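Trainee: Could we go through this model together, starting with how its helices pack?

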Amino acid sequence: MRWLETRIPPPLVVLVSGTLGWGLTALTPGLGMSFPGQAALGLLVAALGVATAAAGILAFQKARTTLSPIDPGAATSLVVNGVYTRTRNPMYLGMAVMLLGWTLILGHPGGLVGIAFFVAYINHFQIQPEERALQTLFGNTFTAYCARVRRWI
């Protein structure tokens, strides 16, 4: 299934994952949970995800390298500062955290299935091909970076 690698833009994968969580919520409403402040907490968590992803985007813009997840071989620099000292994939981490916020808003464990789908898909069809491209472009510098910074957190 290598033909799927870097083909579907990650924001679309987030949308599919969130829809999956919502669909499971609709199919099994009896599993729903609620607590005071649930929506506010969900929005706060989602906002944290947006901020994390935005930090990654801003670092790429500052480095003047491509933001396109479709062509990772077009990278012109390896970004290793700012949020990239904590995670190699802040944009994807931010998207996963946004989905966690959505799950809290839904108040249903089905949202966790959406998050698991997102992480599995992004790991296999997006991050691994990106890492191969970055290894080819940046060699030992990328290897050393991977040794000191985790893929997610």
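Mentor: H3 and H4 pack at an angle of about 170°, and their axes lie 9 Å apart. This is a predicted model, in which local features need pLDDT of at least 70, side-chain atom pairs count only at pLDDT 80 or more, and totals for chains, interfaces and linings use all residues. Residues are numbered from 1 along each chain as its sequence is written, and side-chain values use heavy atoms, with hydrogens and water left out.

Trainee: How is H3 oriented to H4, roughly parallel or roughly antiparallel?

Mentor: Angles run from 0 to 180 degrees between N-to-C directions, and axes are lines fitted to C-alpha atoms, for helices over the stretch in contact. Under 35 degrees counts as roughly parallel, over 145 as roughly antiparallel, 65 to 115 as roughly perpendicular and the rest as oblique. The angle here is about 170°, so H3 to H4 is roughly antiparallel.

Trainee: Where is Met33, and is Met33 buried or exposed?

Mentor: Met33 sits in the loop between H1 and H2; helices here are DSSP runs (H or I, at least four residues), numbered from the N terminus. Buried means under 20% relative accessible area, exposed over 50%, and partly exposed in between (1.4 Å probe, protein chains only). At a relative accessible area of 52%, Met33 is therefore exposed.

Trainee: Which residues does Met33 touch, not counting residues up to four places away in sequence?

Mentor: Contact means heavy atoms within 4.5 Å. With residues up to four places away in sequence not counted, Met33 touches Gln38, Gly107, His108 and Pro109.

Definitions and conventions
Helices (H or I, at least four residues) and strands (E, at least two) are DSSP runs, numbered from the N terminus.
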